[in-house]
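Here are some notes to go with your first look at this chain. Please read them with the structure open.

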Amino acid sequence: MERKELEAQVISMVAASYKRDAADLLMATLFKEDLGGASIQMVALVSEIENELDVELMLADASGCATIGDLVGLIEGEM
């Protein structure tokens, strides 16, 4: 899968999990500062990523990602 395609898919999943408009999200969007998400949203996001992209992510690793771009990089490393 191409990086741009992966980025678009992850942004779509983040938008759904955090109830945001995908058009407002960037690779530089910060999870804590910009999205203010609770850990339950990250749990749901990781579960969706694992199901949709067929990768295994450690919740602790995903939670350690500061930005959406960091998360995409983590996913790429697992593919």
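**Notes on the fold**

1. Start with overall size. The chain has 79 residues, and a compact globule of that length would have a radius of gyration near 12 Å; the chain has 11 Å, which agrees. Keep in mind that this is a predicted model. Along the principal axes, the C-alpha atoms fill a box of roughly 25 × 25 × 20 Å.

2. Next, the secondary structure. The chain holds five helices and zero strands. Read along the sequence, the pattern is α-α-α-α-α.

3. Now the contacts. Take those with a separation of 6 or more: 52% of them join residues 24 or more positions apart.

4. How much of the chain is buried? Buried residues make up 35% of the 79 residues. The accessible surface comes to about 4,600 Å². Carbon and sulfur atoms account for 50% of that surface.

5. Look at helix 5, residues 68–78. Its buried residues are Ile-68, Gly-69, Leu-71, Val-72 and Ile-75. They cover an arc of only 155 degrees around the axis, so they sit on the same side of helix 5. What covers them includes helix 1 (3–17), helix 2 (31–35), helix 3 (39–53) and helix 4 (59–63).

6. Finally, the surface. Ile-40, Val-43 and Leu-59 form a nonpolar patch there. Together they have about 260 Å² of accessible area. Val-43 lies in helix 3. Its relative accessibility is 36%, so Val-43 counts as partly exposed; that class runs between the buried limit of 20% and the exposed limit of 50%.

Methods. Residues numbered from 1 in each chain as written. Predicted model: local features only at pLDDT ≥ 70, side-chain atom pairs only at ≥ 80, totals over all residues. Heavy atoms only, no water. Buried < 20%, exposed > 50% of the residue type's maximum accessible area, 1.4 Å probe, protein only. Helix = DSSP H or I, 4+ residues; strand = E, 2+ residues; numbered from the N terminus. Arc of directions from axis to C-beta. Contact = heavy atoms within 4.5 Å. Patch = residues over 30% accessible without salt bridge, like charges linked within 9 Å, V, L, I, M, F, W, Y side chains within 5 Å. Areas by Shrake-Rupley, 256 points an atom, 1.4 Å probe, with all protein chains shown as cover. Salt bridge = Lys/Arg side-chain N within 4 Å of Asp/Glu carboxyl O. Rg over C-alpha atoms; globule rule 2.2 N^0.38 Å.
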